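I opened my notebook to see how this chain is put together. Here is what I looked up, entry by entry.

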Amino acid sequence: MHDSYCGKSCEACETKEQLNCSGCKKGPGQKNDGDCTIAACCRTEGCNSCENCTRVANCELFQIRDNIPNRRLQSKDSDDEYIDAGTLRKYKNLAELINIIFITSVISFVITLISSFIGENNILLQGIFSLCSGISGIIYIVAICKMGKYNSCFKEIFILWLISIALSIIFLLLSDITVILSTITAIVLLILMFICLKKEFEGYAELTAGLSKNLSRNWETLGKRFSLFISLLIIGLIVSLVLIFLIPIFGIISAIFFVIMAILCIVLMIAKLIYMKKTADLFKRYYQHYRSM
């Protein structure tokens, strides 16, 4: 007795594992995903095999039995293109959250640039900018918190932001704080900010890895360049602090160095915003694509 309806050997089947097929006859009324049309026909007709069927000589299915495993495999691959409702909702939420983070990041970036030019004398504008920056900052942190549901890096970023806020509040409350303590606090806040940015790059790289290898690599590359930037900045700070007292002219060289680093920082932040927009659009495209299927 054959182990299949059509008479082919299951052991010799090359697509058996890919189809996760245990054999069309194993178990009472055995059925599989992307079920074989010959097996379905035999069950319907009540035949134990194609040989027992009176119509086998003119049966089109029997004639193409060698191609049926490949057809089933193609059908299975087509089914894999469909995703569940949870994943669809994830793509939608990620597109919306990353767009919010993008918008708030643009606002903060523009405010920082403008504030550096208008100076501290324009109290009204500084107040407006501070208010806008505070509101966008809160929205940004809430969005980051929600992103933590989809990637652990954003959970860590949220915790680091809470620590940064707590340190900033303590710093403001302690009016008689010493210069040394204020310097240490400022350095800690700066380090936390850099860690948050590095984690953000890693988070986006992980989120996009399964959808766009190119975009994921871009995030990874940006993260590496950012790490290099921080390394150069730290080395520059240390060298400047040591040499500025020994070589007076080094003050000019140091100033040029920090101007260059400021420009590089702006370039990195612009690249981050561009990739962030691309990431939001990527999830939006996937959501729209699968929603229409």
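Cysteines first. I found Cys 53 buried, at a relative accessible area of 18%, while Cys 145 counts as partly exposed at 38%. (Buried means under 20% relative accessible area, exposed over 50%, partly exposed in between, with a 1.4 Å probe and protein chains only.) I also looked for disulfides, pairs of cysteine sulfur atoms within 2.5 Å, and the count came to 0.

A note on the source: this is a predicted model, where local features need pLDDT of at least 70, side-chain atom pairs count only at pLDDT 80 or more, and totals for chains, interfaces and linings use all residues. Residues are numbered from 1 along each chain as its sequence is written, and side-chain values use heavy atoms, with hydrogens and water left out.

Next, the overall layout. I get 10 helices and 0 strands (DSSP runs numbered from the N terminus: H or I of at least four residues for helices, E of at least two for strands). Of the 293 residues, 32% count as buried.

Then I checked what Cys 145 is doing in H6. Together with Tyr 140, Ile 141, Ile 144 and Met 147, Cys 145 belongs to the H6 side that meets Phe 154, Ile 157, Phe 158, Trp 161 and Ile 165 in H7 (contact means heavy atoms within 4.5 Å). I sorted these contact residues into 10 nonpolar, no polar and no charged; Ala, Val, Leu, Ile, Met, Phe, Trp, Tyr, Cys and Pro count as nonpolar, Asp, Glu, Lys and Arg as charged, and the others, Gly among them, as polar.
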